[in-house]
Amino acid sequence: MSEVSNIAMQNPANSKKMLLAMVGIGIISAFLIVLTYELTLPRVQRLKAEALEKAIFEVLPGTDHTQAFGLNTDGTLFKIEEGDKSEAALYAGYDKGDKLVGYAVEAAGQGYADVIRIIYGYDPSEQILIGFQVLESKETPGLGDKIGKEEAFLNNFKALDVSVSNDGQLRNKVITVKQGEKQNPWEIDGITGATISSRAIGDIIGKSSMEVIPILHQNYKNGQNKMNSDEQQ
Amino acid sequence: MSNNDSTSKQKVTSTDEFIKGLWRDNPVFVQVLGMCPVLAVSNTAENALAMGLATAFVLLMSNILVSLLRNFVPKQVRIASYILIIATFVTVTDYAIQAISVELHKSLGAFISLIVVNCLILSRAEAFASKNTIGRSILDALGMGFGFTLALFCLGAVREILGNGSIFNIPLFSEGYQSWIVMILPAGGFFTLALWLLIINALQTRKVKS
């Protein structure tokens with residue numbers, strides 16, 4: 001083998017050449033990577049924002065424009081303006097007449113393969129969930145990924161009960177039941193063949209809605225009261 | 001890995017350099033290289049095609065650069081420098097695919113980054129590009145790249161038709177078609193690969209006999 005004899009004959013000049021080659025290639029690589037990153041970044045960000053916007057329109061039918069909100073630790077909402085760095089978790093959707101259609105809530109939790117990220121739409125006037133979309137999942141193709149495709153499953157989210165009782169808590173926690181065993185309006189009819197994935201969706205929505213829906217409900221009520229008093233004046 | 005390129009390189013024509021990757025030395029069906037993406041990302045025709053083209057692009061760019069630098073890189077650090085070059089173009093491809101379609105990037109997932117360790121690319125750098133001129137290296141990369149894409153597409157098409165009843169998301173059968181779920185699961189990848197290897201081998205043995 002020629003390489004072996006080469007290594008045996010190594011001399012200082014040769015290591016300098018090796019160093020030069022590696023550093024040279026390293027510099028070319030760094031330049032190429034930074035160049036592509038800079039060139040593609042604006043488009044990647046735009047595409048991601050568009051995908052999210054599309055999902056919001058999907059879960060809140062009739063929405064014309066949206067406003068992102070962040071959640072303070074004390075349970076109040078704050079507006080997030082465009083270009084703001086803080087993570088938005090909530091989006092309010094408004095129709096053409098600036099009337100609130102509902103809120104879209106992002107949530108995530110462990111699925112079968114990896115974390116599933118979803119978004120669901122909440123209609124505060126009816127106190128129901130009106131839409132659901134999978135934002136990101138690595139569930140098994142053909143089985144677990146039915147959570148984003150199966151018509152019967154998606155129909156669960158047309159009017160899922162998340163009403164808030166007087167003490168400011170959800171009356172019933174959203175939960176997934178076995179396929180065909182749905183009896184109450186807050187239950188999600190599961191999918192046979194995607195048991196774990198569909199149960200995970202129930203858990204994610206259950207947990208997220210327990211935290212977020214009472215706050216949104218309170219906010220909506222305050223907004224209504226304010227509007228009523230404005231009208232009276 | 002095939003090592004007959006270096007010995008016979010003076011005699012082969014340019015067309016031959018291109019054609020060999022498509023058929024005689026097909027990276028998947030004959031050399032059986034890079035099985036990880038072949039089995040993992042061939043569940044639909046679209047994924048297979050995107051994965052194949054991404055790999056072909058990385059292969060082409062790395063072959064060009066390796067061939068360009070073949071007299072400059074000392075033997076002792078050649079593997080390290082090939083990996084560096086390949087990793088660079090994989091990262092570039094990763095960003096490019098994100099910019100083309102977020103959906104596509106999501107469905108290819110981790111397998112884009114795993115092109116780095118696809119032994120097909122390293123084997124072409126080591127066995128071919130480091131010993132041949134740029135022109136020949138480009139032809140070799142195109143042949144091997146398209147051969148890889150073709151093979152992936154052969155698998156992806158069969159798996160999508162049987163497992164999902166569609167091709168490129170266009171439904172082929174009427175509503176009543178019961179899809180073979182197993183074909184889009186990992187097991188289906190092995191079944192389909194075995195089937196194609198059987199067909200290709202049968203064809204090639206027949207050719208040798210006659």
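1. B:Val32 sits in the loop of chain B between helix H2 (14-22) and helix H3 (35-40). Helices here are DSSP runs of H or I with at least four residues, strands are runs of E with at least two, and both are numbered from the N terminus. The model is predicted, so local features need pLDDT of at least 70 and side-chain atom pairs count only at pLDDT 80 or more, while totals for chains, interfaces and linings use all residues. Residues are numbered from 1 along each chain as its sequence is written, with chains lettered from A and ligands numbered from 1 in the order in which they are written.

2. Is B:Val32 buried or exposed? B:Val32 is exposed, because 12 other C-beta atoms lie within 10 Å. The cut-offs: buried means 20 or more other C-beta atoms within 10 Å of the residue's own, exposed means 12 or fewer, partly exposed is in between, and C-beta atoms are placed from the backbone. B:Val32 and B:Leu197 are 165 residues apart in sequence, yet 9.2 Å apart in space, C-alpha to C-alpha.

3. H2(B) has buried residues B:Glu17, B:Lys20 and B:Gly21. They lie on the same side of H2(B), because their arc around the axis is only 95°. That arc is taken from the directions from the helix axis to the C-beta atoms. Helix H8 (134-164) of chain B is included in what covers them.

4. Chain B overall: ten helices and two strands. From the N terminus on, the order is α-α-α-α-α-α-α-α-β-β-α-α. The C-alpha trace spans about 60 × 50 × 25 Å along its principal axes. Of the 210 residues of chain B, 42% count as buried.

5. Strand E3 (residues 90-94) of chain A is mostly covered, with four of its five residues buried. Strand E1 (residues 65-71) of chain A runs antiparallel to E3(A), joined by five bridges. Strand E4 (residues 100-110) of chain A is also antiparallel to E3(A), again through five bridges. Strands pair if DSSP finds at least two bridges between them. A:Tyr91 in E3(A) stands opposite A:Ala68, and its bridge partner in E4(A) is A:Ala104. The E3(A)-E4(A) hairpin has five residues between the strands, and A:Asp98 in the turn has a positive phi of about 65°.

6. An unreviewed UniProt entry lists A:Thr195 for "modified residue: FMN phosphoryl threonine". UniProt positions are in the numbering used here, feature names are shortened, and annotations may be inferred rather than shown by experiment. A:Thr195 is in helix H4 (residues 195-232) of chain A. A:Thr195 counts as partly exposed because it has 16 C-beta neighbours inside 10 Å.

How values were computed
Two residues are in contact if their C-beta atoms, placed from the backbone, lie within 7 Å.
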